[in-house]
Amino acid sequence: MKDLARLALDTAAARGAGYADVRAIEFTREDVQVKNGEVGGLDLSESAGLGVRVLVDGAWGFAATDELTRQGVERCAAQAVAVGRASASLSHEQVRLAAEPAHRSVWASECAIDPFGVPLERKLDLLFRIDAEIRSVKGVKNAESFLSFQRKHQFFLSTEGSDIEQTLTRSGGGFTSTAVSADDVQRRSYPQAEGYYQTLGYEVVEATPYVENARRVAEESVALLSAAQCPSGEQDLILEGSQLALQIHESVGHPTELDRVLGMEANYAGTSFLTLDKRNKLAFGSKIVNLVADATLPHGLATFGYDDDGVEAQRWHIVRDGLFAGYLTSRELAHRTGESRSRGCVRSDGWHHIPMIRMVNLSLMPGSGTLEELLSDTDRAIFMETNRSWSIDQLRYNFQFKTELAWEIRKGKRIRLLKNPTYQGITTQFWNSCDFICGPEEWKPWGVVNCGKGQPGQVAEITHGAAPARFRGVRVGVGYDE
Amino acid sequence: MNRDDAKALLDQALAAARGEDIEVFLGGGTESLTRFANNEITQNVAERRYLLSARVVRGKRTGRATGNDLTPAGIDRLVQRASSAARLQPEIADLLPLPGPQQYRPVDALDPETESLGADARALEVGRAVERSRAAGLEGAGIYEVRAGTIGDYGEIGPLAIANSSGLFAYHTGTSAAFRVSALDGTASGWAGHESHRARDIDGAALSARAVEKATRSREPKSWAPGRYTVVLEPAAVADFLQDMSWISFGALLVQEGRSFLSGKMGEKVMGENITLRDDPYHPLHRGSPFDAEGMPTRPTTIIERGVARSAVYDRQTAAKEGRESTGHGLPVPNTYGPLARHLVLEGGEESVEDLIRRVDHGLLVTRVWYTNVVDPKTVTLTGMTRDGLFAIEKGKVTHAVRNFRFNQSVIQLLSQVEAMGRVERSGGVVCPGLLVHDFHMSSGTEF
């Protein structure tokens, strides 16, 4: 693979690319699902190919191929240059890449137990045990459990002399229990919606008490059918960590992607209210709000040695003591923020897609106090857990989320289970209403594994660490109030 | 890849199974996409990608393996991986044996001119679009995308050809071209798009002119209070509602599990009498594949007929459960999702969007919607935002821009309150008209 990557790089340079990089990738994935006592899905997939990215007369071209022969690779590199030349016919400003040292490195994520070495029988045995526990609860319609493993082995070579080999392994899974009545469908998930993953080996699965939690979670899904509807109106809101993770993702992560800010996603995902003039001026949140981007976070889903621009992983503040402080940047766009080095946020979801700015791990830093202390400090609130749906406008102001379950809190106690909880707000008003963030003992690295961006669409996985937090005066019960 | 090459490849995979029951599909092709923003090309890509997916069946056990190594050794390894996965699995009680040969209706979907359209031709079309936005002092942003084959189908890669050891063989390929453009003036924006199987149907300049006109009219929007409004939804907005509804409602497994609003409602009136909705890959605006991921021929299926629930769409397993035949809407087996309607057609009328606007005394024109997501599956209540052109309609005329709204709206209710419908277009993979709808629920405002 590396020889073919070198050939692609040399071909692109010989054909007139001013800059070129090549990512040659071998990708392996295993997905196992069990539904209602039977195997619902099992796919072992492998994919290999390379993507060639070039600058021709200061404009981008990209081509990708799975024809891994000398001829196929040369054709791909030539096509990338031809595409770049076509781009140059309609570009005003030449791309200037922020300086980055040439890195020669081999980097691999931690993986104690190779998930692809664990026998399928063992994985199925775990899923069937979870499945049986869920289905032992009367009233459950669907029990679905799943495990997923992937490994990316990548060579990155650039005409600037970078030569980086990285191996990233991620593992995890989860389950859902669904209960149905004539006019209602209720769902509970564990450990979070869409499953829980980390950049680690099978040890993530072994450390997660799926079976021990299956019955409780299944019982909650059934109880929700007869639970009271979440009330509508303005209430104090407490969010559990995994829901807060998605709140961070949608209302902090995406609007700080510099390509969005500069209009490059305008036709699809939209732009951002966090325009360049707002950095170091806008009170994004209350003083206790600190949000940190960190591609070095241990076991994060967006943890790596180097990004797909060949830039070393970094950690920096996006919001510091409530003040909006930084963006997610690339070598191409870093200079637009006045910074001389990229923050290293460029990734692609495979050899076949062009690298672009993607979120790195982005977390809300812990405050202090346990969840029980937070609840004790609360007279009246709604406590929402586990995401069920999400939506936000194209400038990232107005959001609405639904969670699987909520508790009505009165004088520090959970007094009533509530179904169909929703809340809606405006990003900066919401983060400025944050007055309690639990401490490190409640902080956990949650994940988002279905982040879509770009055209053609790409999927990214990101960790968002969070501890439960409280927000004052939030509109709840939206969508069920009429 | 043409039919003969695809067949030769699939035959190799069948032979590699050495007598085992096997189903194998080939998917992929090429995709090229020019992306522009701020009136210049910002990304420009071309990919060639194929995959082979093999499923071995051993009685009631089955295992699948997928890969893109199409060499003889790679194919052999892939089939052996599928075979050992099948061996290790517990039995699936209602797993069906592989189907035999089927008859397919040919679909003319391949346009050679589109298949060979290069980066230079795309750049020229983008250039014509950008000229319009630049001349108006606006920023143009968008895409020109051309595909040949099945990249992007089923959200990833769909089957181009499928064969099995019981003698089934199916092949279908096609092209598609899509041009979508936004024009921006700060937070004011307009949008237009067109998609077809032929690139020559694309007129970037005309689309850009429409986006520019909408953006220009979007300046200085007025704030309206949240509430229920009469709205004219352009086809792009209607398409989003129908697509989301399909995901959570029309598959037979959803209906059988009680998770769809159609569960227990077949034969009953569920929406307005003017609503007829079907799934039909043969519609001239769709030109979709005539078979599904099990190799079964796809039948046009009427889901709602004059407001009455008629049928879900079926794969072999859900059909067997009801003692009927598959409608050819299956996903790769095994899966937990069930069948999916992918070629929706909502019948329309003869009026233009302008005609619909003329009927409205006081209401809103919605260009398109954004980030829709399900709030409540049984009432098909969706939330989302209006985007790229929300306008007041007063006494049959568009009068001024209105600040965008978030909505929380049941699609069933929406399709029960349609006063008039326009001519059909294809937008976002759905063939549908613009609609004039009463009591649409705008639930909160935003900052632009």
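So, let's start with what helix α3 of chain A packs against: its buried residues sit against β1 (19-35), β5 (140-158), β6 (163-181) and α5 (210-225) of chain A. Keep in mind that this is a predicted model.

Which residues of α3(A) are the buried ones? They are A:K123, A:L126, A:L127, A:I130, A:D131, A:E133 and A:I134. Around the helix axis they cover an arc of only 165°, which means that they lie on the same side of α3(A).

Helix α3 of chain A runs over residues 120-135, which is 16 residues, and at 1.5 Å a residue it should span 22 Å. Its end C-alpha atoms are 22 Å apart, so the two values agree.

Let's step back to the whole of chain A. Chain A is divided into domain 1 (2-226) and domain 2 (229-476). The C-alpha centres of these two domains of chain A are 21 Å apart. Where they touch, domain 1 of chain A gives 45 residues and domain 2 of chain A gives 37 residues. On the domain 1 side, β1(A) supplies the largest share, with five residues. That side of domain 1 is made up of 20 nonpolar, 14 polar and eleven charged residues.

Next, the two chains together. Chain B brings 75 residues to the contact, and chain A brings 68 residues. Which element gives the most to the side of chain B that touches chain A? That is strand β2 (residues 40-58) of chain B, with twelve residues. By kind, the residues on this side of chain B divide into 29 nonpolar, 27 polar and 19 charged.

Now for the strands that link the chains. Strand β3 (residues 59-65) of chain A pairs with β2(B) in the parallel sense, over three bridges. You can find A:A63 standing opposite B:A46 of β2(B). There is another link to see: strand β2 (residues 38-56) of chain A runs parallel to β3(B), and three bridges join them. Here A:S45 has B:T66 in β3(B) as its bridge partner.

Within chain B, β2(B) and β3(B) pair with each other too, in the antiparallel sense over seven bridges. As an example, B:V56 stands opposite B:G63 in β3(B). The two strands form a hairpin with two residues between them, and B:G59 in the turn has a positive phi of about 65°. Is strand β3 (residues 61-67) of chain B enclosed or open? Six of its seven residues are buried, so β3(B) is largely enclosed by the rest of the structure.

You will find B:T276 in the loop between α7 (252-256) and β10 (277-279) of chain B. It has 17 C-beta neighbours inside 10 Å, so B:T276 counts as partly exposed; for buried, the cut-off is 20 or more. Which residues does B:T276 contact, leaving aside its neighbours within four places in sequence? They are B:I304, B:E305, B:R306 and B:E347. And B:T302, which is 26 residues away from B:T276 along the chain, has its C-alpha atom 7.6 Å from that of B:T276.

How values were computed. Residues numbered from 1 in each chain as written. Chains lettered and ligands numbered in written order. Predicted model: local features only at pLDDT ≥ 70, side-chain atom pairs only at ≥ 80, totals over all residues. Contact = placed C-beta atoms within 7 Å. Helix = DSSP H or I, 4+ residues; strand = E, 2+ residues; numbered from the N terminus. Nonpolar A, V, L, I, M, F, W, Y, C, P; charged D, E, K, R; others polar. Pairing = 2+ DSSP bridges. Expected span 1.5 Å × (residues − 1). Buried ≥ 20, exposed ≤ 12 C-beta atoms within 10 Å, placed from the backbone. Arc of directions from axis to C-beta. Domains from an automatic or database assignment.
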